[in-house]
Amino acid sequence: MKFIIFNWKSYLNFDESNFLIKFISKTKFKNKYNLIVAPSSFSLGFLKNKYKNVNFSGQNFDFYGKGGFTSFIPISDLSENNINYALIGHSEVRQYRKENNSIVNLKLKLTLDTKITPIVCIGEDLNTYKKKLTTDYLKKQIIETFDKNTQYKEVFIAYEPLWAIGSGLVPTNDEISKIADFIKFFLKDYSFKKLKILYGGSVNSENLEQLSKIKELDGFLVGSASIKKSFINKFKL
Ligand code: 13P
């Protein structure tokens, strides 16, 4: 089973999201794929209510609960509405909202009391990649994100190199396999009910087949290609 997560970021307005979800909800997909859609937080509640046969993910939530926190999204907005997945630590949230590893750590802990499967995003910038310091960088992200004495439930880790996001650049299959193996090896002393590894960064219709050969991966986290019907049709029965 491959998990294909559509991160619609802020690409679509409400009507466009509604239109595309309607198409997804009417389409029959191959059993080997589990499609999960992460629409904007604005559209999510409405779409979840209307399209019961689609799997949804939140793009984000905040570590404050309900209360006087203007503009924040409490995790209960997701859990009380049976949203089963949530992205945490996406590089764009790290960059524009200054979310750091310790915030990611706190948010990850909040998911433990819910049925939400966290999709934790990690990845290095181009400079780090060029200096061949990727695994050192990921090690630090992992150490500061996960606790050895916590029993995690199902967790997805999405390896998304920053230099691959939205750039058309993609690591080689061999590089991605090695990173996936490294993450699993490094996390062997931590406790997970299930740990799944995804890749994200410029996945599109042209490279999907090639990237799908990476047997260490459990799926993909896809941005801009995921708003195109031609890409969505790749998973059709
Ligand atoms: P792109 O697929 O547009 O490169 O974005 C990747 C991403 O950020 C998914 O979370």
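1. Lysine 132 sits in the loop between helix 6 (126-130) and helix 7 (134-145). In this predicted model, Lysine 132 has a positive phi of about 60 degrees although it is not a glycine. Most residues other than glycine have a negative phi. Lysine 132 is exposed, with 8 other C-beta atoms within 10 Å.

2. Lysine 9 also deserves a comment. Its phi is positive, about 45 degrees, and again the residue is not a glycine. Lysine 9 belongs to the loop between strand 1 (2-7) and helix 1. Lysine 9 counts as partly exposed, because 17 other C-beta atoms lie within 10 Å, and the limits are 20 or more for buried and 12 or fewer for exposed.

3. On the overall fold, the chain has ten helices and eight strands. Along the principal axes, the C-alpha atoms fill a box of roughly 45 × 45 × 30 Å. Of the 237 residues, 35% count as buried. Among contacts between residues at least 6 apart in sequence, 70% join residues at least 24 apart.

4. The largest nonpolar core contains 48 residues, and Ile5, Ile119, Val120 and Leu198 have the most contacts inside it. Strand 6 (residues 151-159) gives the most to this core, with six residues. Which residues does isoleucine 119 touch, not counting residues up to four places away in sequence? They are Ile5, Ser57, Tyr85, Ala86, Leu87, Ile88, Phe156, Ala158 and Leu221.

5. Helix 2 (residues 41-50) has Ser43, Leu44, Leu47 and Lys48 buried. Seen down the helix axis, the buried residues of helix 2 fall within an arc of 125 degrees, so they line one face of the helix. Phe42, Asn49 and Lys50 are exposed, on the face of helix 2 turned away from its buried side. The cover over the buried residues of helix 2 includes helix 1 (14-26) and strand 3 (55-58).

Terms used. Residues are numbered from 1 along each chain as its sequence is written. This is a predicted model: local features need pLDDT of at least 70, side-chain atom pairs count only at pLDDT 80 or more; totals for chains, interfaces and linings use all residues. A nonpolar core is a set of buried Ala, Val, Leu, Ile, Met, Phe, Trp, Tyr and Cys residues joined through C-beta atoms within 7 Å. Helices (H or I, at least four residues) and strands (E, at least two) are DSSP runs, numbered from the N terminus. Two residues are in contact if their C-beta atoms, placed from the backbone, lie within 7 Å. The arc is that of the directions from the helix axis to the C-beta atoms.
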